[in-house]
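Biologist: Please take me through one part of this model in detail. I would like the sheet and the aromatic contacts, step by step.

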Amino acid sequence: MSNIVRSNDKINQMINTGKLAQYGGFKNYIINGGFDIWQRGTNGGANDGYADADRFITAKVLSRGKSDATTYPLGFSSAYKITKNNTQDSQIIQRVEFPKDKIKTITNGRTFTFSAWVLSDVTNVIENIYIIKQGTSSNAYEARSNTSGFVNSLDIGNSANIWKRISMTFTFDWGYEAGDCIEVRIDPANNVAATLHTTGWQLEEGSVATPFEHRPYGLELSLCQRYYWKPAYMRFALPVAYNGSTAENWGSFFYTTTMRTTPSLINTGYAFIGHHADIPTIAIYPNHLDAAYNGSSFRSNGGTLVINGGALDAEL
């Protein structure tokens with residue numbers, strides 16, 4: 001068993017070394033680019049941030065959620081949709097993880113192409129494509145766009161009510177190493193009211209937009225769960241254990257994949273079986289949760305804790 005590497009652990013290793021798109025035939029650095037994974041739900045309302053499609057951030061919209069288009073590009077069955085008014089500087093974003101503060105070494109001098117399918121009731125709806133380095137270290141923020149000198153070729157025009165594949169080819173030229181991720185962002189024109197559908201987001205090395213990489217659904221879900229995971233429930237068996245000489249009820253709940261960092265626990269309610277209805281002490285780690293009862297909450301016959309409707313968030 002020691003020689004067997006779980007596929008999820010291998011995925012995490014590839015992401016942590018910046019090599020996800022270099023092994024196993026993976027070429028697309030975007031996760032959930034076909035908009036097939038919707039753990040948070042399919043209607044994000046007018047909310048900013050993460051609210052619907054996995055791994056995608058949206059800002060400054062009237063509405064957002066799963067597309068209701070009647071047709072899709074060949075090979076696709078899902079897309080993203082936003083609506084906006086003529087004063088909103090709307091944005092659709094994905095943050096692509098790289099090893100911390102090594103982005104310049106990994107990417108500079110390499111040519112990449114971003115491509116995506118768009119459908120809109122407005123002609124030439126996409127005004128800008130941004131490639132932005134972000135992070136928590138000093139000098140992490142550096143922004144490039146289709147108006148910057150680093151762009152080699154650009155095709156972002158579209159006709160109304162027809163699916164069009166847009167693309168931008170560029171060569172990375174960061175000034176600083178600092179950064180945790182590269183943000184890929186498309187901005188519709190801010191002076192028009194529009195409905196925009198999009199799918200098939202792909203960021204790949206090379207100067208040509210090649211056909212979209214359709215990865216297996218289970219693999220794409222595992223990639224998403226590194227950043228956000230919403231299980232049906234989290235169930236802890238809580239037998240009697242000892243913390244030193246102190247008896248307590250203690251148990252663990254392990255995730256399906258190790259998360260990017262220690263996540264936040266989003267909790268909507270507890271259920272207790274054979275135990276006091278007290279809130280347990282919960283310790284959170286990148287790959288599991290520990291729950292414990294001690295003191296007046298201790299039960300000599302143990303019990304079970306269930307977290308209903310909870311989620312774990314480790315997004316960038």
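**Sheet and rings**

Modeller: Arg55 lies over the face of Tyr227, 3.8 Å from the ring centre. Arg215 lies over a face too, that of Phe26, at 5.6 Å from the ring centre. Keep in mind that this is a predicted model.

Now the rings themselves. A search of the whole structure finds 16 aromatic pairs. Take Phe170 and Phe172: their ring centres are 5.1 Å apart and their planes stand at 90°, so the pair is edge-to-face. The cut-off for that class is over 60 degrees. Phe170 is buried, and Phe172 is buried as well. Both belong to one aromatic cluster, together with Tyr29, Phe98, Phe112, Phe150 and Trp174.

Next, the sheet. Strands of a sheet pair through backbone hydrogen bonds, either parallel or antiparallel. Here the sheet is open and has six strands, with antiparallel pairing. The order is S2-S3-S6-S12-S8-S9. S2 (49-50) and S9 are the edge strands, each pairing on one side only.

Walk in from the S9 end. S9 covers residues 142-145 and is joined to S8 by four bridges. In this pairing, Tyr130 has Ser145 of S9 as its bridge partner. S8 covers residues 126-134, and eight bridges join S8 to S12, residues 181-188. There, Ile132 is bridged to Glu183 in S12. S12 also pairs with S6, residues 91-97, through six bridges, and the two run antiparallel. Ile93 stands opposite Arg185 in S12.

Technical notes:
Residues numbered from 1 in each chain as written. Predicted model: local features only at pLDDT ≥ 70, side-chain atom pairs only at ≥ 80, totals over all residues. Heavy atoms only, no water. Pairing = 2+ DSSP bridges. Phe/Tyr/Trp six-rings, centres within 6.5 Å; stacked < 30°, edge-to-face > 60°. Buried < 20%, exposed > 50% of the residue type's maximum accessible area, 1.4 Å probe, protein only. Lys NZ or Arg CZ within 6 Å of the ring centre and 35° of its normal.
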